[in-house]
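Here is a short report for a reader who is new to this structure.

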Amino acid sequence: MMVGKRHPAPEGQAGPAEVPLHGFHPPVGTPFGLEVSTVEDFFAEHDDWPWNPPRPGRATFHYLIGVTEGELRHDVDHLTRTVAAGQWLWVRPGHTQCWHPPGTARLLAPLTAHEAPAVLSPHADDAAWLHQTALQLLDEHRALGRRSLDVHHALRRSLLEALLLRLSSAPGITPTGTVTAGTGRGETYGRFADALELHFRELHRAADYAALLGCSVRTLSRAARTATGKGVRELIDERRLLEARRLLGSARWDARSAAAHLGFSDPANFGRFFRDRTGLTPGAFAAGEGTTGP
């Protein structure tokens, strides 16, 4: 059972830009202020995988979840909680939380990870199968009205999941649970990658993330080196640079606004940071002089 009780946020207050803040919107026709459902129905109603995989977020209301069988894994304030049958999980308003996807979503997580490659080169033996499955998916997508809507959606979802599961075994995609197995560093790096995505604007030191994750700087540094071959500070700078490119490029922000957004106290410092790593000033990049760079 899952119960959500409304708990409004203070007027005008919102969470950090990196963590979405979700208000309570009960289904039409239900009493205002309370929603009761099962976890199975929750996932069915939020069946947007893989277009919008689970991301950390905060709610203005309470989640009260009772586990009747099996176990539930749920992240609360960046710590994974395991709730066994007979136990209850209570997530209070404002806490950062993230659902652990079941089944197919869990298997596809390496494919949708931040560091997953953009270009996939499947095994040669899979090429013909992937081509045919993509054609079947296209045909079904164009078949709206040919069969009942629920069957149409189920077929599209099943075909896409099958295609993505085959792609998830492509070279360069690390299978679930195989990164530095037994050392704990794969999990540490994964938690760091998630935290970096949430806090790269305001946290810029390895010590900040080590404190957030509850580990030493040395442990975090080893985890990052093992997983990526790069240091923590390098990864932080890369994430800030990526966001700078996005803001100055397609978003058309000016350098001063981008600097403030990324936590630089002085636009001149931002200019040096950007130029040292790209060879271009923010203005030159925004003008399109660096759009073909790496």
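A residue counts as buried when its relative accessible area is under 20%, and as exposed when that area is over 50%; anything in between is partly exposed. Glu243, at 14%, is therefore buried. The model shown is a predicted one.

**Salt bridges**

The whole structure holds 10 salt bridges.

| Pair | N to O distance |
|---|---|
| Asp139 and Arg146 | 3.5 Å |
| Glu197 and Arg239 | 2.9 Å |
| Glu243 and Arg246 | 3.4 Å |

Asp139 is partly exposed, at 40% relative accessibility.

Arg239 pairs with Glu197 in a salt bridge. Arg239 sits in helix 8 (residues 232-248) and Glu197 in helix 5, so this pair ties together parts that are 42 residues apart in sequence. Arg239 is buried, at 10% relative accessibility. Glu197 is partly exposed, at 27%.

Glu243 and Arg246 both belong to helix 8. They are 3 residues apart, about one turn of the helix. Glu243 is buried, whereas Arg246 is partly exposed, at 41%.

A network of salt bridges links Glu197, Arg239, Glu243 and Arg246.

**A loop residue**

Where does Ser168 lie? Its place is the loop between helix 4 (149-167) and helix 5 (185-199). Ser168 is buried, at 16% relative accessibility. A polar atom of the Ser168 side chain lies 2.5 Å from the backbone oxygen of Leu165. Leaving aside residues up to four places away in sequence, Ser168 touches Leu107, Leu108, Leu111 and Ile173.

Notes. Residues numbered from 1 in each chain as written. Predicted model: local features only at pLDDT ≥ 70, side-chain atom pairs only at ≥ 80, totals over all residues. Heavy atoms only, no water. Helix = DSSP H or I, 4+ residues; strand = E, 2+ residues; numbered from the N terminus. Buried < 20%, exposed > 50% of the residue type's maximum accessible area, 1.4 Å probe, protein only. Polar contact = N/O pair within 3.5 Å; in protein donor to acceptor, adjacent residues only side chain to side chain. Contact = heavy atoms within 4.5 Å. Salt bridge = Lys/Arg side-chain N within 4 Å of Asp/Glu carboxyl O.
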